[in-house]
Amino acid sequence: MGASEYEVREGLFYSKEHEWLKVEKGQVRVGITDYAQDKLGDVVYVELPVVGRKVKQIGEPKNRDMELGAVESVKAVSTVYSPISGTVKEVNSTLQERPEIINTSPYDEGWICVVVPENLDKELKTLMDAKAYSEYLKNLG
Amino acid sequence: MVHPYIPNSRETRDQMLREMGLSDVEELFKDIPPELRIKRGLDLPPAMPELAVVNHVKSVLSKNLPFTKMPSFLGGGVWPHYVPAHVRQIVKRAEFLTSYTPYQPETSQGMLQALFEFQSLVAELVGLEVANASMYDWATSLGEAALMSARVTGRSKFILPKIISKDRLSVLENYAAGPSLELVEVDYDRETGQVDLDQLARKVDDNTAGVYIENPSYLGFLETQVDEIAELAHSKGALFVVGVNPISLGLLRAPGDYGADIVIGEGQPLGNPVSFGGPTLGIFACRGEQRLLRQLPGRLIGMTKTVDGKDRGFCMVLQTREQHIRREKATSNICSNEALCAVAAAVYLATLGPRGLRELAEVCAANASYLMKQLSQIEGIKVPLFKSPHFNEFTMQCTRGSISWLNAELLKRGFHGGKPLRREFPELGEAALLCTTELHTKENLDGFVEAVRKVMEG
């Protein structure tokens with residue numbers, strides 16, 4: 001599958017670790033991208049963060065404070081990093097029973113959690129928009 | 001001459017030295033500072049032929065007295081029980097005895113099936129849906145249960161009873177130190193030994209990950225308020241963790257039936273001998289909910305079907321919890337298990353069956369009850385210290401002299417007395433923890449009572 005065949009949705013922000021972020025009223029919604037779900041393969045389990053957990057925006061070096069949980073597929077277990085700093089307000093508990101919706105609907109039904117951001121405007125600048133992320137995927141080959 | 005146990009001839013040795021460019025074996029040790037080397041020969045007796053060695057060792061071992069010659073009343077976490085001959089025979093089979101960890105299911109179906117059956121039997125016994133393939137012992141199971149409670153709930157406080165083996169507590173403290181888990185003790189009623197419910201209610205809060213009790217308690221009595229404790233834990237969203245002696249479940253309610261989310265315990269009494277306190281077998285079971293299952297520590301064996309759907313097969317499952325996949329994010333440092341002890345436990349439980357286990361538990365409890373009654377008639381002996389029903393262990397207080405004196409006198413009369421409790425529970429005065437099992441005959445019990453009476457009457 002070529003890079004252009006992955007869905008990259010307009011209006012979202014993207015991290016280099018293939019998390020997406022959608023700005024909503026006073027909060028952001030977070031998930032993993034179509035590219036990420038395809039590379040992982042069939043998702044069998046999603047480890048969700050605890051509501052109320054404080055997270056830091058992903059940066060280098062990575063540490064546990066930046067983790068939102070993990071997505072486990074039949075092939076691998078991948079950590080989900082937070083594209084934004086803030087407090088976890090809500091988690092998608094449907095994923096506990098139906099983790100496969102990450103594969104079938106990564107941008108809608110398969111969202112992972114909602115975070116109340118601490119420093120939205122500044123941190124958004126460090127993320128990619130749809131165009132930049134599409135370019136980024138192309139360069140990954 | 002080639003040494004019988006070192007099969008390298010002089011020629012082989014010289015050849016190896018030549019390859020290494022050395023002229024003498026001594027040169028291999030030149031990095032060791034001379035002051036650390038012994039400059040004389042070892043002070044050993046002359047070599048003996050094999051038969052002479054066997055005779056010598058036998059004569060040394062004959063100083064050991066078996067249970068039948070010197071009955072022991074020691075329990076406290078490792079309990080003596082009869083191990084049926086065929087349990088020993090089966091675990092001695094080379095397929096079990098020398099098998100490597102079953103990472104390759106295609107070559108390990110026998111061991112995997114035995115461990116799966118162990119898990120199934122443990123799960124049924126404790127009344128929960130899932131059991132792992134075992135931890136090292138009760139203490140490591142407790143440490144893991146505390147950490148698991150914290151992971152499942154995202155909280156950091158673990159509540160436990162004051163009456164607990166202090167060795168077990170010390171392992172729990174080790175586990176709690178790294179992740180900064182707060183351990184909170186709940187006191188007990190001085191009359192009955194029961195957990196102080198009012199104090200527990202005050203201590204359980206929104207940051208409580210788990211509430212732990214032991215039933216039977218470390219000091220042998222039954223915890224009678226299990227339903228209330230389960231209710232208190234669950235009302236604040238904490239997990240309810242119960243520790244057991246599995247033999248007691250032949251008689252007592254399964255913890256899963258009174259609300260336990262995690263059940264742990266010592267599996268040694270299930271077909272494993274008392275051998276200087278080990279090896280032991282940590283039991284670990286939990287409810288079959290995803291949020292618990294995913295945080296379960298240790299190895300888990302599952303049953304599945306072959307690709308063509310025709311045959312049943314066994315393999316390790318949910319390995320993404322474990323160290324060889326998840327490294328530092330694994331649910332536990334324990335990524336092995338007490339495989340052979342678990343096989344012994346499975347054979348043992350399958351042999352006894354529910355009725356056999358019930359009969360066994362009845363005899364253990366009846367012996368304790370008889371011994372308590374007989375000892376309580378002796379002047380200077382208070383038994384038991386707690387007004388509660390007991391299983392197979394109980395406390396005994398000596399009001400005229402110390403337990404160490406009493407035990408020394410009993411030893412002279414051919415009995416191992418109870419475990420002294422002074423170090424663990426100084427508030428109980430001169431007290432000991434005594435244990436009875438099916439191994440104690442009526443003669444053993446009566447003989448012990450008589451010996452105690454003689455010592456006390458001085």
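**Conventions.** I number residues from 1 along each chain as its sequence is written, with chains lettered from A and ligands numbered from 1 in the order in which they are written. Because the model is predicted, I noted that local features need pLDDT of at least 70 and side-chain atom pairs count only at pLDDT 80 or more, while totals for chains, interfaces and linings use all residues.

**Chain A.** I looked up the secondary structure and found 5 helices and 9 strands, where helices (H or I, at least four residues) and strands (E, at least two) are DSSP runs numbered from the N terminus. From the N terminus on, I read the order β-β-β-α-β-β-β-β-β-α-α-β-α-α. The radius of gyration, taken over C-alpha atoms, is 14 Å, close to the 14 Å of the globule rule (2.2 Å times the number of residues to the power 0.38) for 141 residues, so chain A is as compact as a globular protein of that length. I then noted that 40% of the 141 residues count as buried, which requires 20 or more other C-beta atoms, placed from the backbone, within 10 Å of a residue's own.

**Cores.** A nonpolar core is a set of buried Ala, Val, Leu, Ile, Met, Phe, Trp, Tyr and Cys residues joined through C-beta atoms within 7 Å. In the largest one, of 122 residues, F118(B), V211(B), V241(B), A285(B), A342(B) and A345(B) touch the most other members. Helix 12 (residues 339-375) of chain B gives the largest share of this core, 18 residues. Domain 1 (85-348) and domain 2 (354-457) of chain B, with bounds from an automatic or database domain assignment, both give residues to this core, so it lies between them. I also recorded a second, separate core of 33 residues, which includes L40(A), L68(A), Y81(A) and I112(A).

**Sheet in chain B.** I traced an open sheet of 7 strands in the order 1-7-6-5-4-2-3, with mixed pairing; two strands pair if DSSP finds at least two bridges between them. Strand 1 (130-131) and strand 3 (182-186) of chain B stand at the edges with a single partner strand each, so one side of each is left without a neighbour in the sheet. Strand 6 (residues 262-266) and strand 7 (residues 282-286) of chain B pair in the antiparallel sense over 5 bridges, and I found I283(B), in strand 7, as the bridge partner of G265(B).

Technical notes. Buried ≥ 20, exposed ≤ 12 C-beta atoms within 10 Å, placed from the backbone.
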